[in-house]
Amino acid sequence: MVLILLGPPGVGKGTQAVRLADELGAAHVSTGDLLRAARREGTELGLRAQKYMDAGELVPDHLILDLVKEHLAGIARDAHVLFDGFPRTTAQATGLDQVLKDSGRRVDRVVLFEAPDETIVQRLSGRRSCPECGAVYNTYFSPPKVEGKCDRCGGDLVHRSDDAPATVKRRLDVYREQTAPLVAFYEASGAPFARIRADRGVDEVYADFLGSVEAAG
Ligand code: AMP
């Protein structure tokens, strides 16, 4: 199964994706996590992506598509794959369709997570993430057991610099301008499409998420 999690930054896609990937034994492909890893490792991609990420802008499509292709090549063809934060533009969605088609796959399900801007801004200000395993916490709603440490792997949690208020505002504008059109793109594609209200507790959202994935078979 190839599943796409759509929705604005900070809506909780990452938290939900990590949980479902654990439960299904699926590959969780977060382009944001892959780019942050490339930056930490100081690769050429990491260096090229840096200025876009710091400004809250999108990294150019061709860099993202190459990154995803390379990453998918290392994942078994019959594995479940959860895309989180990708695709973010129509060009990326079209590119993904082609990559999947070339390997006899297609997008099996799209889930859109929705929440009001105020909720998103508050969540991002409290968000802490683990650079090691991608787990996400929130100091207000879902704190780790030990402050500053990841429950899953013991890694040191970080507050992302692009979660600063001015950058968050730009990321939300970019979402509206460049990523929101994918809702119409996927609704027209014929792939099963579900909307989930994400301004609720993590468990409630997860129950609906799991239900919608199971309904898709
Ligand atoms: P995220 O962790 O998904 O919020 O992504 C953090 C930042 O990485 C974004 O604000 C973009 O600068 C960049 N990024 C992540 N995924 C993509 C993508 N699919 N297309 C373009 N830029 C991306």
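Strand 2 and strand 3 (residues 81–84) run parallel and are joined by four bridges. Strands here are DSSP E runs of at least two residues and helices are H or I runs of at least four, both numbered from the N terminus, and two strands count as paired if DSSP finds at least two bridges between them. The model is a predicted one, in which local features need pLDDT of at least 70 and side-chain atom pairs count only at pLDDT 80 or more, while totals for chains, interfaces and linings use all residues. Residues are numbered from 1 along each chain as its sequence is written, and side-chain values use heavy atoms, with hydrogens and water left out.

Ala27 has Val81 as its bridge partner in strand 3, and His28 has Leu82. Strand 3 also pairs with strand 1 (residues 2–6), again in the parallel sense and over four bridges.

Strand 7 (residues 193–197) has one covered face, with Ala194 and Ile196, and one uncovered face, with Phe193, Arg195 and Arg197. The partner of strand 7 is strand 4 (residues 109–114), and the two pair in the parallel sense over five bridges. Within that pairing, Val111 stands opposite Ala194 of strand 7.

Phe86 and Pro87 are joined by a cis peptide bond, with omega about -5°. Pro87 is placed in the loop between strand 3 and helix 5 (90–102).

Charged side chains provide another set of links. A salt bridge is a side-chain nitrogen of Lys or Arg within 4 Å of a carboxyl oxygen of Asp or Glu, and by this rule the count comes to 22. One of them joins Asp117 and Arg176, at 3.2 Å from N to O. This pair links distant parts of the chain, 59 residues apart, with Asp117 in helix 6 (residues 117–126) and Arg176 in helix 7 (residues 165–179). Asp117 counts as partly exposed because its relative accessibility is 30%, and Arg176 counts as partly exposed at 45%.

A further salt bridge joins the side chains of Arg127 and Asp163, at 3.1 Å from N to O. This pair also links distant parts of the chain: Arg127 lies in strand 5 (residues 127–129), and Asp163 lies 36 residues away in the loop between strand 6 (136–138) and helix 7. Arg127 and Asp163 are both buried. Through salt bridges that share partners, Arg127, Arg160, Asp162, Asp163 and Arg171 are joined into one network. Elsewhere, Arg200 forms a salt bridge with Asp208, with the closest N and O atoms 2.8 Å apart. Asp208 counts as partly exposed because its relative accessibility is 38%.

A pocket is an open set of points on a 1 Å grid over the protein atoms alone, where a 1.4 Å probe fits, with protein on both sides within 12 Å along at least five of seven lines; lining residues have an atom within 4 Å of a point. The second largest pocket holds about 230 Å³ of space, a volume being the space filled by probe spheres set on the points, which are joined across faces, edges and corners. Its lining includes Thr15, Val18, Arg19 and Asp22. Helix 1 supplies the largest share of that lining, four residues, and helix 1 (13–24) and strand 6 each supply at least two.

How values were computed. Buried means under 20% relative accessible area, exposed over 50%, partly exposed in between (1.4 Å probe, protein chains only).
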